[in-house]
Amino acid sequence: MVTPPTALLVHGAFADSAGWSAVIGALQGHGIPVLAPPNPLRGLASDAAYTASLTAQIDGPVVLVGHSYGGAVISVAGTADNVVGLVYIAAYMPAEGESLGELQQGFLPSLLPDSLRARTYPRENGEPGVEVTIAEGAFPAVFAADLPPETARVLAAAQRPLAAAAFSERASAAAWRTKPSWVLVAGADKAINPEVERFGAKRAGSTVIEVDGASHAVPVSQPGEVAELIRDAVRATT
């Protein structure tokens, strides 16, 4: 029996690996090896390098799955030799030399920019860095509108911040140019304009599904749809 590729799940900003919990269970139930490591969220180049290092240490082929900002991470990290496919879940798909800010130009802004709150954190060079989170009161509408309010409040309290510089850092590679890709567009996404997701998918020639009414938190609210798309990618690359 052929062992399927490992699905390596990369979460995005304002979230952590727990957001993949139901997706992980669904994939494991179908015999698919899964890893969902923490994404450092300290910058695109460093986050991609960390993910690429993990990927290179996995025996056998890997399907990289990125949610939100995690899509930018897998676009850079996905050039690793053992990556056989890329899955984008309500995610950014930057081209080489393109930043997330530039990618979003030309599209109507989402609710995210006006909802961000900044704070500082210490860095190794001694200079403070700036990181951002979503204001807790705005989090349900921006990130998780299709989840029960009590669940959205928990996610808001547990969100992990993203280094602000990640929005302006340019991607050094675009693995979707040479690797097959699958895209889930969250039709009611208020954190990333769904048109940005559709644009990325069209540019990459991706296989696309749309989940009408899904918020940015689609791995939590619609784990079955997410897991099925990942299974499609795994089946196609096995």
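How many bridges join strand 1 to strand 2, and do they run parallel or antiparallel? Two bridges link strand 1 (residues 6-10) with strand 2, and the pair runs parallel. Keep in mind that this is a predicted model. Here's a quick tour of the sheet, the helices packed on it and the nonpolar cores.

- Six strands make up an open sheet in the order 2-1-3-4-8-9, and the pairing is parallel.
- Strand 2 (34-35) and strand 9 (207-211) sit at the edges with a single partner strand each, so one side of each has no neighbour in the sheet.
- Zooming in on strand 2, Val-34 is the bridge partner of Ala-7.

**Helices on the sheet**
- Helix 7 (residues 194-204) packs on the sheet and touches strand 8 (181-186) and strand 9, with its direction at about 160° to that of strand 8.
- Helix 9 (residues 223-237) also packs on the sheet, where it touches strand 1, strand 3 (62-67), strand 4 (83-89), strand 8 and strand 9.
- The direction of helix 9 makes about 170° with that of strand 8.

**Nonpolar cores**
- The largest nonpolar core has 52 residues, and Phe-14 and Tyr-69 are the ones touching the most other members.
- Helix 3 (residues 69-77) supplies the largest share of this core, with six residues.
- Leaving out residues up to four places away in sequence, Phe-14 has contacts that include Leu-112, Leu-116, Val-132, Ile-134, Phe-139, Phe-143 and Leu-162.
- Phe-14 also touches Thr-133, Gln-159 and Arg-160.
- Another core, of 25 residues, lies apart from the largest one, and Val-23, Ile-24, Ala-186 and Val-218 are among its members.

Key: Residues are numbered from 1 along each chain as its sequence is written. This is a predicted model: local features need pLDDT of at least 70, side-chain atom pairs count only at pLDDT 80 or more; totals for chains, interfaces and linings use all residues. Side-chain values use heavy atoms; hydrogens and water are left out. Two strands pair if DSSP finds at least two bridges between them. Helices (H or I, at least four residues) and strands (E, at least two) are DSSP runs, numbered from the N terminus. Contact means heavy atoms within 4.5 Å. Axes are lines fitted to C-alpha atoms, for helices over the stretch in contact, and angles run from 0 to 180 degrees between N-to-C directions. A nonpolar core is a set of buried Ala, Val, Leu, Ile, Met, Phe, Trp, Tyr and Cys residues joined through side-chain atoms within 4.5 Å. Buried means under 20% relative accessible area, exposed over 50%, partly exposed in between (1.4 Å probe, protein chains only).
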